[in-house]
Each structure stands twice: as C-alpha cells, then as structure tokens.
Amino acid sequence: MAAAVTAAVSFPYSNSTSLPIRTSVISPDRLVFKKVSLNNVSISGRLTVRAEVATEAPAPVKVEKISKKQEEGIVVNKFKPKTPYIGRCLLNTKITGDDAPGETWHMVFSTEGEVPYREGQSIGIVPDGIDKNGKPHKLRLYSIASSALGDFGDSKTVSLCVKRLVYTNDAGEVVKGVCSNFLCDLRPGSEVQITGPVGKEMLMPKDPNATVIMLGTGTGIAPFRSFLWKCSSRA
C-alpha cells in the first residue's frame, strides 16, 4: 500500500519565511522524516512543522465471471427461422377439464433426434400463415416440457405444454393468440416449423443431489415437467 506524504514548515511572524510544501508518494517502509538545515534564516518564536500522511488503497482485483454460455456440449440455434426443422405432430391432448378457466394442451412433435436439447431449454415455433402486413409470422418461444429423452424415451421427440390464449379486448372483440391457437388446433400428422433449441440460463444443476426449488411464474409448468421427467429417469 502506498502513502502520500505532505509536509510544510511555517514561522509565526509576518516577516518569516515559509518553506515550500512538498508531496511525494512512497511505500510505508520508506516513510522517514529527516532533519533539514535552515541556513541564513533568523527564527524567533516557535517553529511549527505539519505533516499529513494519506494512505492509498490498492486497486481491487477483478474477478472473472464464468458464463454458463461457455459450457460445452449444449446445442443452441441449430435451426433458425429461415431454415427451420420440419417436425410432425404425433400427439395433441387437452389436459385441463371442461370447467377450467382456460385450455392447456400437451403436444408431442417428432424430431428424429435432429433437435438435441437439454431440460430447461426452449424451442421456437413458426406458425403457418401470414401476418396483417402480408409477411410470414415470427417465431414464438416455448419452454420444452419433456426430458432430453423425450416422452417416448427414444430421444426423437420434443414436447410442449401450451395454454390457448383467448381474451376480449376493450372494444368487446374476441382476440385469439396466433401461435397458441395454431398449436392447440394441430392434429396428429400435421407439420410444424421448429427452431432452436435456445437457452443456457435455466438448466438443471450438474449435481444430482442438489436441491431444486421450482416456481412457475411466466414460464408456467412446462420446464418443471421436463425437470421432473429428468429426475424420474435418474431414479
């Protein structure tokens, strides 16, 4: 740790001479005060010497943050909107009762092992059709609801849990979500455009004995279903 030393010598009378103030930066083990010879200076009264020592803190050590994005073996963005994977709907089942306030559907798509993913990742779905501007619909991301082995255990499928979006706006018009309704209305055998997979920030811990607390906020239950399927495969 370095120290900044400022020293001044002054005399009590108006006709006295003041020595100039000097400041230097030295290390503590070299902090030594030496006598100074004052030649041709007439002094009467009291001589005052003032010294101030201010320490300078060392620069903080920067800790390098290791991002999960540097982990190996995790595939992202293998398929993009312009070159999506064309999967096929194998199963689409409503999993909420008729008296439920909304509809949630569980669906399984074939991937033939071409869309490798991990629990906690998402895939993009590009719904069929065009938007109000005459352009193809943009992709929507959905959390994957199956383990990496898939619901059939052969690593050749991917599953989603999707809530159908339907609401009435301020004008009294019924509005239907483009992609959620497209997915919930899919029939087995229908083709679907898949992008991704994406995401590295919500993966399961590597430690099989780690405690996992699952809170379904905006993600819903889908990613936690994949976690539970993963845990059941370890048992």
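This is a predicted model: local features need pLDDT of at least 70, side-chain atom pairs count only at pLDDT 80 or more; totals for chains, interfaces and linings use all residues.
L139 sits in the loop that runs between β6 and β7 (140-143). L139 is partly exposed, its relative accessible area being 32%.

**L139 and its surroundings**
- Apart from neighbours within four places in sequence, L139 makes contact with P81, G124, I125, V126 and T195.
- G124 is 15 residues away from L139 along the chain, yet their C-alpha atoms are separated by 5.7 Å.

**I125 and its contacts**
- I125 is one of the residues with the most contacts inside the largest nonpolar core.
- Not counting residues up to four places away in sequence, I125 touches F109, K138, L139, R140, Y142, L160, C179, F182, L183, V192, Q193 and I194.

**The largest nonpolar core**
- This core has 22 residues, and F109, I125, L160, L183, V192 and I194 have the most contacts inside it.
- Two or more residues each come from β4, β5 (104-110), β6 (122-126), β8 (157-163), α1 (178-184) and β11 (191-198).
- The element that gives the most to the core is α1, with four residues.

**The surface patch**
- A nonpolar patch on the surface is formed by L90, L91 and F152, which together have about 270 Å² of accessible area.

Methods
Residues are numbered from 1 along each chain as its sequence is written. Side-chain values use heavy atoms; hydrogens and water are left out. Patches are made of residues with over 30% relative accessible area and no salt bridge: like charges are joined within 9 Å, nonpolar side chains (Val, Leu, Ile, Met, Phe, Trp, Tyr) within 5 Å. Accessible areas come from the Shrake-Rupley method with a 1.4 Å probe; for residues, only the protein chains shown count as cover. A salt bridge is a side-chain nitrogen of Lys or Arg within 4 Å of a carboxyl oxygen of Asp or Glu. A nonpolar core is a set of buried Ala, Val, Leu, Ile, Met, Phe, Trp, Tyr and Cys residues joined through side-chain atoms within 4.5 Å. Buried means under 20% relative accessible area, exposed over 50%, partly exposed in between (1.4 Å probe, protein chains only). Contact means heavy atoms within 4.5 Å.
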